[in-house]
Amino acid sequence: METTSRVGAQGISSAPSTSTAEGVPAARRTVDGYLRAPFPWYGLDEAFTGPRWLMQVGTAADGTVQHGSTGHGEEPSIRADDGQEKERFAVVVTVASSPLRRSGDGTGVLEATSVSSAAWLAGSGLLSSTWPAQLDHTLRDDWLDQQTEAAFELADDLSGPDWSTLSLPVDGVPTSFHYRESEFGWVLAGSAEAGVHLGAYGRGMSAYGLGFSVVKDITSYE
């Protein structure tokens with residue numbers, strides 16, 4: 001992966017948690033951050049007719065928006081296992097395609113983004129909504145550290161045996177994605193012709209048959 005140690009080390013913050021430890025959805029950013037992005041946002045295409053919602057954007061040190069996520073379906077929550085079926089959702093991560101460049105504040109160098117960047121953000125995003133809620137805080141932190149490290153290593157080896165290839169439409173064009181499944185859900189990553197890398201993760205909704213397209217009006221997301 002074209003990074004130093006983590007996607008966050010290249011000026012892209014890692015995927016934020018979508019829920020609190022108590023299972024209450026964390027406060028989402030307003031649409032303002034999305035409107036400041038110099039790149040198009042992606043979501044599921046019009047074939048998906050369920051709820052759509054904003055999540056959060058990630059910015060560089062100078063405030064430039066570099067990535068963000070849009071949610072589809074039921075908002076994931078962290079809660080103790082009560083025997084109920086887990087939420088059905090799919091999250092689309094859009095990452096600006098950027099070359100190696102100096103940071104906006106002139107204090108360092110930002111590594112290039114890549115498909116691996118999208119895979120890492122998607123993988124860590126899935127973990128943020130699927131860790132075993134019955135663990136106490138100490139064990140939970142250890143578990144998250146271990147699984148996050150594993151997600152980074154997987155994103156760094158997209159040609160490895162843990163990934164398969166899945167073709168899905170992006171703006172109507174068949175596009176190849178790296179795809180993997182785990183006990184927590186699924187993750188995929190690829191690139192769009194609009195100059196961005198795409199990641200996605202979900203649970204309860206099959207990745208097969210999904211399609212992605214540019215969000216024409218980001219304010220339409222609640």
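Does Gly73 count as buried or exposed, and at what relative accessibility? I looked this up first: Gly73 counts as buried, at 12% relative accessibility. I take buried as under 20% relative accessible area, exposed as over 50% and partly exposed as in between, with a 1.4 Å probe and protein chains only.

**Model.** I am working on a predicted model, where local features need pLDDT of at least 70, side-chain atom pairs count only at pLDDT 80 or more, and totals for chains, interfaces and linings use all residues. Residues are numbered from 1 along each chain as its sequence is written, and side-chain values use heavy atoms, with hydrogens and water left out.

**Chain.** I counted 3 helices and 11 strands, taken as DSSP runs numbered from the N terminus (helices H or I of at least four residues, strands E of at least two). Along the sequence their order reads α-β-β-β-β-β-β-α-α-β-β-β-β-β. Of the 222 residues in the chain, 50% are buried.

**Gly73.** I placed Gly73 in strand E3, residues 65–73.

**Aromatic pairs.** My search of the whole structure gave 5 aromatic pairs. Rings of Phe, Tyr and Trp (its six-membered ring) pair if their centres lie within 6.5 Å; planes under 30 degrees apart are stacked, over 60 edge-to-face, and the rest tilted. For Tyr179 and Tyr208 I noted ring centres 5.5 Å apart and planes at 70°, so this pair is edge-to-face. Tyr179 belongs to strand E8 (residues 173–182) and Tyr208 to the loop between strand E10 (196–203) and strand E11 (212–214), so the pair ties together parts 29 residues apart in sequence. Tyr179 is buried, at a relative accessible area of 3%. I also found Tyr34, Phe39 and Trp41 linked into a cluster by ring pairs.

**Asp171.** I checked the backbone here: phi of Asp171 is near 55°, a positive value in a residue other than glycine. Asp171 sits in the loop between E7 and E8 and is partly exposed, at 41% relative accessibility.

**Charge.** I listed Glu153, Asp156, Asp157 and Asp162 as forming a negative surface patch. Patch residues have over 30% relative accessible area and no salt bridge, and like charges are joined within 9 Å. A salt bridge is a side-chain nitrogen of Lys or Arg within 4 Å of a carboxyl oxygen of Asp or Glu. Asp162 is in the loop between helix H3 (137–155) and strand E7 (164–170).

Notes: Patch = residues over 30% accessible without salt bridge, like charges linked within 9 Å, V, L, I, M, F, W, Y side chains within 5 Å. Areas by Shrake-Rupley, 256 points an atom, 1.4 Å probe, with all protein chains shown as cover. Lys, Arg positive; Asp, Glu negative; His and termini not counted. Charge placed at Lys NZ, Arg CZ, Asp CG, Glu CD.
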